[in-house]
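Student: I would like to go through the labels used for this structure and ask what each one rests on.
Tutor: Then put the questions one at a time.

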Amino acid sequence: MSGLRILVPVKRVIDYAVKPRVNRAQTAVETASVKHSMNPFDELSIEEAVRLRERKVPVAEIVAFSAGPPKSQDILRTAMAIGADRGIHVVVEEKDPQLEPLGVAKLLKKVVESEKSDLVILGKQSIDDDAGQTGQMLAGLLNWPQATQASKVEIANNTVTVTKEVDGGVETVKAKLPMVITTDLRLNEPRYASLPNIMKAKKKKLDKKTLADYDLDAPPRLKIIKVTEPPPRKGGVKVDDVDGMISKLKELGAL
Amino acid sequence: MFSVARRSVLRQARTPLRLSHPVTVPQYSALSRLLSTLAVLEQKDGKLQNSSLAGITAGTKLGGSITAFVAGSGARSVADEAAKVKGIEKIIYVESDAYDKGLPENFAPLLVENIKKGGFTHIVAGVSAFGKNLMPRVAALLDSQQISDITSIESEDTFVRPIYAGNAILTVQSSDSIKIITVRGTAFPAPEVEGGSATVEEGVDPKAECPTEWISEDLAKSDRPDLGSASKVVSGGRGLKSKEEFDRLMPPLADALGAAIGASRAAVDSGFADNSLQVGQTGKNVAPQLYLCAGISGAIQHLAGMKDSKVIAAINKDPEAPIFQVADVGLVSDLFNSVPELTEKLKAQ
C-alpha cells in the first residue's frame, strides 16, 4: 500500500460562541451577517488526519471536502492551513435546496469512489443541525466498518483500532481499512493555523464542483414547517445563604 | 310535483354516499392498517435497558400497533421480560451472540431485514450511544432521512426537535415512506413495565458478516443513579479548580440528595471528571426534578443539556454568570464554603 488516502469532510456553521436567533418569518435561524466557522468536530477530524501523518502512519494524501455556499471555501482554506493537501468544494448556493445528511452521505460516497479514499474522518455531529448522522450513513452506503465518537485512533498494518465514547465510559473496536470514523471532543486539541501555513494554503489546489458533476440529485425529504425560539425560563430568585437556598428548594418542591 | 321532489331527495341522499364511499372509507382503514411502529430495544449482558423503552411511549403517541425488537444472546428472555411492558403488541427477538455488542455493521442489516418483513412505517430508538451509532446506518440502507432526537410528535409524519444546541426548535414533516426516528428519553417518559401481555415471536436473521471486532470496554462503575434518568443531578464545573476538589465536594453532596453526578465540558476537559458525566450539547441531555450546579458559568452548550430541568439551582461566585438567567434559585457565593455547608445541612435533615 502506498499510503492512506484520507478524506475529511468539513462543514461551515454558525460559530459556536454565537447565540442563534430565529428569523421573524419563523422559517430558519438568521444566518446573514453572523460569524461562521468550521464545525468544531470537523477541526478535530482534520487535526487527527494531520497527526496520523506526523505519527509516521503512511499517508498518501489528505483531501478536505465541503458542500455548501461559496463562502465554505474559507473553511476549506483553514483545513488546508492545518495540513490538508488539497480541497474539493461542491458549491450549493443558499437559494438552492439544501442537502440533508442522507444527501451529503450519498455525495460523499461518490467522492470516496472518485478519490479512491480508504479512510473518511468526519465530526460526530454538526452544531447547527445536531443530527449526528452523516458518518454512519456514509459507512452504511459504502458497506464499510464505522467507529463513531472516537477518542483515540491507532492505525497499524491496515488495521484501525478506535476507542469510542459510549454511555458510561469507553469501548474499543478494531476493523480493517477502509473505514469511516467520526470524532469526539476528547480525540485531540486542534492546532491553530500559523500565518506561513495560511499563506501556503492559498496556493494549494481547491477544486470547485457542482452536484451535477457528481450526477447527484438529492431533494430534501424533510420539509421545514417552522422554526421557533424555545420557551424562555421564568426568571428565578437569588438567595443570600445556604439556608435560603434549602428553604426555597423546599418551597419549589425540589427537596 | 310530488314525484319531482321525491327524485331530488333521493338523488341528494345518494350523491354523498357515492362520493364518500371511495374517498373517505379506504383512507381511514389504510391509515390504521398501515401505521405500525417498530421500537428497537437495547439489551446489555442479557438485561433489558429500561432507558430504551422511551421508544414505546413515542410509539403510543403515534398510534397504530407497536412491535418491539431485541437481539443478542439471551434475547428470548429479554423479550419475555419486555412482554410485560404496557403498550407493546408483539416482540420480535433474534437470539444470537453476533448481536451482543450492538455493532451496527451486522445489526443494521438485521434490522433492515426485519423491518422489510414486518412492513413497519415508523422505526424508533432512544438517543443512546447504541441508537446514535446504529440508526443512521439503518436509515441509509432504507434510503430514509432520519429525524434525530425528537422531543415531540405532532402527527404521524411531523416531528419536533431541537437544533442549534436547543436554541431553536424545528418542526419538520417527513415525506419518507419509512420514518426512522430517535427519541430523546427525557421528553418521552418510560411506559409502565407491568400489566402488558405481548406475544413473542422469533425474527429473521440474515447473518450479515461483521467486519468490526469488539475488543473491550471500560465503564465507570457507580452505585449512584444513572445520569440520564436520575430525578436529581448535582453538577460541577471549572470553578471546582481540580479533580481532588471535585472528588472531595461533589460525591458527598450527591449522596446527601440521592443524586447523580454531572459535569460541564470545562470540568471534563480539565480532567476533573470522566467524559461520560458531561452534560450539554455534546454530552448528555438531562431533565431531572432538580439540577443543582456549582462552579458552572452557563455556556449555551451546557444549557442545551439541562435547561429542561424542572428546578435549576446554581451556586457561583460571579453574580453576572449566565447560569443565573436560567436558575430558579441562585446563590452568589464561594462554592468551597457553600457546597460543604449545603451538604451538612441536607444530611442533617
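This is a predicted model: local features need pLDDT of at least 70, side-chain atom pairs count only at pLDDT 80 or more; totals for chains, interfaces and linings use all residues.

Student: What makes Arg191(A) and Glu47(A) a salt bridge?
Tutor: The closest N and O atoms of Arg191(A) and Glu47(A) are 2.9 Å apart. The cut-off is within 4 Å for a side-chain nitrogen of Lys or Arg and a carboxyl oxygen of Asp or Glu, so the pair qualifies.

Student: Why is Glu47(A) called buried?
Tutor: The relative accessibility of Glu47(A) is 1%. Buried means under 20%, so Glu47(A) counts as buried.

Student: And why is Arg191(A) called partly exposed?
Tutor: Arg191(A) has a relative accessible area of 30%. That value lies between the 20% and 50% limits, so the label is partly exposed.

Student: How do you know that Lys106(A) and Asp143(B) form a salt bridge?
Tutor: Their closest N and O atoms are 2.7 Å apart. With the limit at 4 Å, the pair therefore counts.

Student: Why does that pair join two chains?
Tutor: Lys106(A) lies in helix 3 (residues 101–115) of chain A, and Asp143(B) in the loop between helix 5 (129–141) and strand 7 (147–150) of chain B, so the pair joins two chains. Lys106(A) is partly exposed at 23% relative accessible area, and Asp143(B) is partly exposed at 35%.

Student: Why does the pair Glu213(B) and Lys174(A) count as a salt bridge?
Tutor: The closest N and O atoms of Glu213(B) and Lys174(A) are 4.0 Å apart. The rule asks for within 4 Å, and the pair is listed as a salt bridge. The count between chain B and chain A is seven salt bridges, and over all chains it comes to 36.

Student: What else describes the contact of the two chains?
Tutor: The contact takes 80 residues from chain B and 75 residues from chain A. The area buried between them is about 6,700 Å², and carbon and sulfur atoms give 54% of it. Arg137(B), Gln145(B) and Tyr164(B) supply 11% of the area that chain B buries against chain A, more than any other three residues. There are also 46 residue pairs in polar contact across this interface, both residues being at pLDDT 80 or more.

Student: Why is an area used for this?
Tutor: The size of an interface is often given as the accessible area lost when the parts come together.

Student: How many domains does the assignment give for chain B, and how do they meet?
Tutor: The assignment gives domain 1 (14–202) and domain 2 (232–348). Their C-alpha centres lie 34 Å apart. Seven residues of domain 1 are in contact with eight residues of domain 2. The area buried between the two domains is about 570 Å², of which carbon and sulfur atoms give 44%. Ala165(B), Arg184(B) and Thr186(B) supply 71% of the area that domain 1 buries against domain 2, more than any other three residues.

Student: Which polar links does the count find between these domains?
Tutor: Between domain 1 and domain 2 of chain B the count is one residue pair in polar contact, and the rule finds zero salt bridges there.

Student: Why are Glu341(B) and Lys345(B) said to be about one helical turn apart?
Tutor: The two residues are four residues apart in helix 10 of chain B, so about one helical turn separates them. Glu341(B) is partly exposed at 32%, as is Lys345(B) at 27%.

Student: Is Glu344(B) buried, partly exposed or exposed?
Tutor: Glu344(B) sits in helix 10 (residues 335–347) of chain B. Its relative accessible area is 49%. Exposed means over 50%, so Glu344(B) is partly exposed.

Key
Residues are numbered from 1 along each chain as its sequence is written. Chains are lettered from A and ligands numbered from 1 in the order in which they are written. Side-chain values use heavy atoms; hydrogens and water are left out. Buried means under 20% relative accessible area, exposed over 50%, partly exposed in between (1.4 Å probe, protein chains only). Domain bounds come from an automatic or database domain assignment. Contact means heavy atoms within 4.5 Å. Buried area is the accessible area (1.4 Å probe) that two parts lose on being put together, summed over both. A polar contact is a pair of N or O atoms within 3.5 Å; within protein, one must be able to donate a hydrogen and the other to accept it, and residues adjacent in sequence count only if both atoms are side-chain atoms.
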